[in-house]
Amino acid sequence: MKRIQTLETRDLEKSVKNGGCGECQTSCQSACKTSCGVANQPCEKKTEKK
Amino acid sequence: MIHQYKLNGYNIVLDVYSGSVHVVDEVAYDIISMFEQKSEDEIVSAILEKYKDSPDVTEAEVRECIGDIAELKAQKKLFTTDPYASLAFDLKSKSNVIKALCLHVAHTCNLNCSYCFASQGKYKGERALMSLDVGKRALDFLIENSGTRTNLEVDFFGGEPLMNWDVVKDIVRYGRELEKTTGKHFRFTLTTNGVLVDDDVIEFSNREMHNVVMSIDGRREVHDFYRKDYAGNGSYDRIIPKFQKFAKSRGDTGYYVRGTYTHRNVDFTNDLFHLADLGFTQLSMEPVVCAPTDPEALTEEDFPKLCEQYEILAKEMIRRKKEGKEITFYHYMIDLSHGPCIYKRISGCGSGTEYMAVTPWGDLYPCHQFVGDEKYLMGNIWDGVKNEAVRDEFKKCNVYSRRECDDCWARLYCSGGCAANAYHATGKITGTYEYGCRLFRKRMECAIMMKVAEAQDK
């Protein structure tokens, strides 16, 4: 597309089916301890991301 | 829902429910802003009028761009609607698996920081150290309640956990023995103010701690203003050489230097750059959590300055990366292609459900921020969770339980935010800490802009 570049992102709707294993890090256990966000938590699954 | 913004010369469009990120030119940016409200012919007229002095913007070009946008919509990458509300409802009946504990191994501290949310480590109670028996039982409790989860997290927290270091080491050794018979894997984290860091702490932590969080606020005058010992002396000169040695010995993985900024240092990027100049590469800096009447509380006048600071930080990080001097900032870490799944994005930090705090005497609280608030006492590590009302309250606490989040584009990045911040700001865990929300949105705009810059440079 000439005027639009789309970055590669995880398809969140597909993750309804391939997500939810619960093995990922608990958000507050890493560095924040006060202002929780989940965006910076990596997924533990090494496959089936898309 | 979409979110459009301009930052650092980029026009960025986020599609909230698919997680898509688009970088577009001015014409596409304007077309997207009116795509859902106007007809194709109305859009063409409006764009041709606005760009009448730009010969490259022709009717054919505009219609082609409208077609591209329609295609992205058909591919569910733009203007998606919310398909997840029913999932959030399901989470209310989710299992009682616990996978992370914050062990308060020391309700005491060798520093006397005036802004400490934990009241100098005592959590408004008596000074106390966790015994080895309590620590071992906490790990047993975690395994018993972890279901099929393999990766379990244990954070040694305080107060200052190094004031109970021998017990910490013995708890870790016990955990490693448990791994052999249970198939579980512990990830231990140590959070420390650095005063008692020595070669033994460094050697043991480098072998056993998945992560080390080192508390530093930045420049000497900023750090020493709050982080004093009981004689009133600042701790900067004592801790910096120790932390430098500690960080260097860990390589570039598995640590954060973590500071707090307040009304006194809204120019907090100077603290982050100071830390970077000291050789630290993995940085985190948090807004202070305190009552609005406290002198360190962030004010409305501070807000635009803080936004500017976050932009300065993002731009400087891009520049340093290009120069091969990369630093990471915790809140700018975002993995667009391998980030959290929708379940994680809806359920949030897991406090009070899959994550709990354990006091030195074995009581359970929803997280470290609730310790000492008897309303939120959940049970203990011998008898388990007895206060089902609190657990249910936290189970239902997610981004869909907050009406204020309904129209927020950042809802699937923050997941409704910190329950403790909400509680302190509004009196209920399902409230929202609006100031924190605004800062969070600014951080996400910056973090995504950095990803866009990276993609554009490829």
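**Interface.** I began with the two chains and noted that 42 residues of chain A are in contact with 80 residues of chain B, contact meaning heavy atoms within 4.5 Å. I keep in mind that this is a predicted model, in which local features need pLDDT of at least 70 and side-chain atom pairs count only at pLDDT 80 or more, while totals for chains, interfaces and linings use all residues. Residues are numbered from 1 along each chain as its sequence is written, chains are lettered from A and ligands numbered from 1 in the order in which they are written, and side-chain values use heavy atoms, with hydrogens and water left out.

The two chains bury about 5,300 Å² between them, 52% of it on carbon and sulfur atoms; buried area is the accessible area (1.4 Å probe) that two parts lose on being put together, summed over both.

In a salt bridge, the side chain of Lys76(B) meets that of Glu13(A) at 3.8 Å, N to O.

On the side of chain A that touches chain B, β1 (4-6) and α1 (15-18) of chain A are the elements that give two or more residues, and β1(A) has the largest share with three residues. Helices (H or I, at least four residues) and strands (E, at least two) are DSSP runs, numbered from the N terminus.

**Cavities.** I searched the whole structure and noted six cavities of 30 Å³ or more. A cavity is a set of points on a 1 Å grid over the protein atoms alone where a 1.4 Å probe fits but cannot get out, a pocket is an open set with protein on both sides within 12 Å along at least five of seven lines, and lining residues have an atom within 4 Å of a point. The largest cavity has a volume of about 540 Å³, volume being the space filled by probe spheres set on the grid points, which are joined across faces, edges and corners. Its lining has 31 residues, with Cys116(B), Phe117(B), Phe157(B), Ser215(B) and Arg227(B) nearest the centre, and β9(B) gives the largest share, three residues.

**Pocket.** The largest pocket holds about 530 Å³ of space. Of its 21 lining residues, Lys321(B), Glu326(B), Tyr332(B), Lys451(B) and Glu454(B) lie nearest the centre, and α16(B) gives the most to the lining, with six residues.

**Backbone.** I checked the peptide bonds and found a cis bond joining Gly158(B) and Gly159(B), with omega about 10°; Gly159(B) sits in the loop between β6 and α6 (165-182) of chain B. Phe79(B), in the loop between α3 (59-74) and α4 (85-91) of chain B, has a positive phi near 55°.

Terms used: A salt bridge is a side-chain nitrogen of Lys or Arg within 4 Å of a carboxyl oxygen of Asp or Glu.
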